[in-house]
Amino acid sequence: MSQNKKYLLAFILIAIILTPLGLIAQGPAWGEWSAEEINTMIGYVPQSIENTKPLVEALIPDYEISGLNALASTWISAAIGAALVFMIMIGIKKTGKRAS
């Protein structure tokens, strides 16, 4: 394994390990505001946000897996998210190799 891949893997693993720090943060995660929170922050909800529905439902809503505590749920959510991104990147890389 190349040195760059080792650094990337270490970075990803550290990011997954540190993910539960969000559990001790106050308020919602940046960019994950509900319409009510946006209304509180800026005084109104833009019509584009009010009328928008998600294209895809969350695989793990609120990063919580029933039957598990918050810490385990958050770690599992982080690992699943990282694995999905990794698989997508591998797919893009393979598609790029076939095209060239």
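A nonpolar patch is made of residues with over 30% relative accessible area and no salt bridge, in which nonpolar side chains are joined within 5 Å. The legends below describe close-up views of a predicted model.

**View 1. A nonpolar patch on the surface of the predicted model.** The patch is formed by Met1, Leu9, Leu13, Ile14, Ile17, Leu18, Leu21, Leu23, Ile24, Leu71 and Trp75, which together have about 1100 Å² of accessible area. Helix 1 and helix 4 are the elements that give two or more residues to this patch. Helix 1 provides the largest share, namely five residues.

**View 2. Ile24, a member of the nonpolar patch.** Ile24 belongs to the loop between helix 1 and helix 2 (35-42). Its relative accessible area is 69%. Because residues over 50% count as exposed, Ile24 is classed as exposed.

**View 3. The largest pocket and its lining.** The volume of the largest pocket is about 660 Å³. Its lining comprises 23 residues, of which Glu32, Asp62, Tyr63, Thr74 and Ser77 are the closest to the pocket centre. By residue class, the lining divides into 13 nonpolar, seven polar and three charged residues.

**View 4. Asp62 and Tyr63 in the loop between helix 3 and helix 4.** Both residues are among those closest to the centre of the largest pocket. Asp62 lies in the loop that runs between helix 3 (47-50) and helix 4, and Tyr63 is located in this loop as well. The phi angle of Asp62 is near 55°, a positive value in a residue other than glycine. Tyr63, also not a glycine, has a positive phi of about 60°. Asp62 has a relative accessibility of 64% and counts as exposed. Tyr63, at 43% relative accessibility, counts as partly exposed; this class holds because the value falls between the cut-offs of 20% and 50%.

**View 5. The second largest pocket, lined by residues of helix 1 and helix 4.** The second largest pocket holds about 470 Å³ of space. Its lining consists of Met1, Lys5, Leu8, Leu9, Ile12, Ala82, Ala83, Val85, Phe86, Met89, Ile90 and Lys93. Helix 1 (3-18) and helix 4 (70-99) each contribute at least two residues to this lining. The greatest contribution, seven residues, is that of helix 4. In terms of residue class, the lining contains 10 nonpolar and two charged residues, with no polar residue. Met1 and Leu9 are found both in this lining and in the nonpolar patch of View 1.

**View 6. Ser34 in the loop between helix 1 and helix 2.** Ser34 is partly exposed, with a relative accessibility of 28%. Ser34 and Pro46 are separated by 12 residues in sequence, and the distance between their C-alpha atoms is 12 Å.

**View 7. Thr40 in helix 2.** The relative accessibility of Thr40 is 69%, and Thr40 is therefore counted as exposed. Along the chain, Thr40 and Ile14 are 26 residues apart, and their C-alpha atoms are separated by 34 Å. Ile14 is one of the residues of the nonpolar patch shown in View 1.

Technical notes:
Residues numbered from 1 in each chain as written. Predicted model: local features only at pLDDT ≥ 70, side-chain atom pairs only at ≥ 80, totals over all residues. Heavy atoms only, no water. 1 Å grid on protein atoms, 1.4 Å probe; cavity = no way out; pocket = protein on both sides within 12 Å on 5 of 7 lines; lining within 4 Å. Points joined across faces, edges and corners; volume = space filled by probe spheres on them. Nonpolar A, V, L, I, M, F, W, Y, C, P; charged D, E, K, R; others polar. Helix = DSSP H or I, 4+ residues; strand = E, 2+ residues; numbered from the N terminus. Patch = residues over 30% accessible without salt bridge, like charges linked within 9 Å, V, L, I, M, F, W, Y side chains within 5 Å. Areas by Shrake-Rupley, 256 points an atom, 1.4 Å probe, with all protein chains shown as cover. Salt bridge = Lys/Arg side-chain N within 4 Å of Asp/Glu carboxyl O. Buried < 20%, exposed > 50% of the residue type's maximum accessible area, 1.4 Å probe, protein only.
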